[in-house]
Amino acid sequence: MIVAAGEPWASLLGALHTLITVCDSVVIVYFLVINTSYLVLILIALGEFVRTLRRAPFAGHDEAATSPLTPPVSVIMPAHNEAAGIAEAVRAMLLLRYPEFEVVVVDDGSTDGTLDALREAFDLAEVEYVVPDDIPVRGRVTSVHLPRGGPVRLVVARKDNGGKADALNVGINLARYPLVCMVDADSILDSEALLAVAKPFCDDPQRVVASGGVVGLANGCTVVAGRVVEARVPPDLLGRVQVVEYLRAFLLGRTGWSKLGSLLIIAGAFGLFRKDAVVAVGGMDPDCIGEDAELVVRLHKHMREQGRDYRIVFVAEPISWSEAPSKLKVLAHQRRRWHRGLTEILLKHRRMVGNPRYGRIGLLALPFYVVFELLAPLVELAGLVLVPLGVLMGAVNADFLWRFLAVAYVYAVVVGMVSVAVEEYAFHRFTRWRDVWGGLVGVVAENIGYRQLTAWWRLRGMWDGLRKSPQVWGAMTRAGFESPGQVREKGGDRV
């Protein structure tokens, strides 16, 4: 009886032992593939950087800045409770080097005096203005304002709160020019940013429908009059880790995907689009928290279904700067929101995944994002549980454990160091060795604690997206650019 009773337990333990062994092997293969994929994208980006550097002396920015053939641009800035910095942000936008453009600010129901700050800074006057209805909007436009005394290229609209996507749709309706540039109100653009991101439209006007630019972190940088004049690595470890993330994802990763013709994400902080293409697909989706990336996926879908020859490209130059969260609580809100947005996008466009009708978007880019972006936090946390469990049960030996650590973490450190080296070779943004070493410190720190924390936050974001919980942006506390001691709240709870 004793032997008979022990046989089911022995069988169960044996099955569990086998299952853990298989799962651990799957995890190690997963990390090997994902890190190799990142490395391949970095090497593709390196090749593109080499070509970009060779063409740099002949980029033609001076000619484009004076040419009447350069397509005019409407810069759209949605703003919600940005009174502390909105006037300086608009002044900086108005000083961009570009032959013909306008700035359209959409005050999305601010409660902190954002409109008052703009009215005082630019002597605005309310005017009678019929807002076109090319794209349906939810928040009612209550007033439109223009500068009272001169040819300042500025339009300010006040609307009922409806969220960032709805504010962008109002801005698109107000835009007078064929290209629309979507910019966050707290972003800093280099003086030639518009020229750089508009160049693909000048070079290939028939096919290019959207272009995105690099977003760098302004934390620790010297900012004067709305311009980054000296790049620095943030002094705090959290900022350094995020610099490495932005290099790998926003610069190298998207450059690689662009070269493959499979770019899926253009950051909402800085992207340029053909207005007619955006209107054709219905504008921004106010129900998706990742409205910027969702628009790009929808443009791909529309163009493929129409059988159009088109391009969506990424400009490999550090031309837009944003402030990264400096507190873990704020960072947690951001990453949870980002991953929720990714979840919603992939669910909405799930029929495109693996569908040959959508070419490399359906067969390469979207499956990659499902397996190696959406599911990455789940695999990360599963590995942290299953591998130690396998060691305790004897299903994993010491050799396997070292292989796992090498593939999952040491390989990731190598990929991160290659990212820093490639960026420094191509653009040499940092003039001090201490900044380069700070970036390398961030590479190591990213894999010790930070990855695991973000995996948990991202997993919660995926769960939020799957169960369709109410969308909450959360308070994004920022230190500000001009005054290091200044703290302001960005956003807040929004629909």
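Q: How many residues does helix α9 have, and what does it reach from its first C-alpha to its last?
A: Helix α9 (residues 291-306) has 16 residues and reaches 22 Å between those two atoms, close to the 22 Å expected at 1.5 Å a residue. The expected span is 1.5 Å times one less than the number of residues. Helices here are DSSP runs (H or I, at least four residues), numbered from the N terminus. This is a predicted model, in which local features need pLDDT of at least 70, side-chain atom pairs count only at pLDDT 80 or more, and totals for chains, interfaces and linings use all residues. Residues are numbered from 1 along each chain as its sequence is written, and side-chain values use heavy atoms, with hydrogens and water left out.

Q: Which residues in α9 are buried?
A: Buried means under 20% relative accessible area, exposed over 50%, and partly exposed in between (1.4 Å probe, protein chains only). In α9 the buried residues include E291, L295, L299 and M303. Just after the helix, G307 takes a positive phi of about 70 degrees.

Q: How many salt bridges does the count come to?
A: Side chains of opposite charge can pair when their charged atoms come close. The rule asks for a side-chain nitrogen of Lys or Arg within 4 Å of a carboxyl oxygen of Asp or Glu. By this rule the count comes to 29.

Q: With which residue does E291 form a salt bridge?
A: The partner of E291 is K164, with the closest N and O atoms 3.9 Å apart. This pair links distant parts of the chain, since E291 lies in α9 and K164 in helix α5 (residues 164-174), 127 residues apart. Both E291 and K164 are buried.

Q: Where does E446 lie, and what does it touch?
A: E446 is in helix α14 (residues 433-467). E446 counts as buried because its relative accessible area is 5%. Contact means heavy atoms within 4.5 Å. Not counting residues up to four places away in sequence, E446 touches V241, V244, E245, R248 and R451. With R248, the side chain of E446 meets in a salt bridge (2.6 Å, N to O). That pair also links distant parts of the chain: R248 is in helix α7 (residues 237-259), 198 residues from E446.

Q: What separates R340 and E344 in helix α10?
A: An α-helix has 3.6 residues a turn, so residues three or four places apart point the same way. R340 and E344 are four residues apart in α10 (residues 328-348), and therefore separated by about one helical turn. They form a salt bridge, the closest N and O atoms being 2.7 Å apart.
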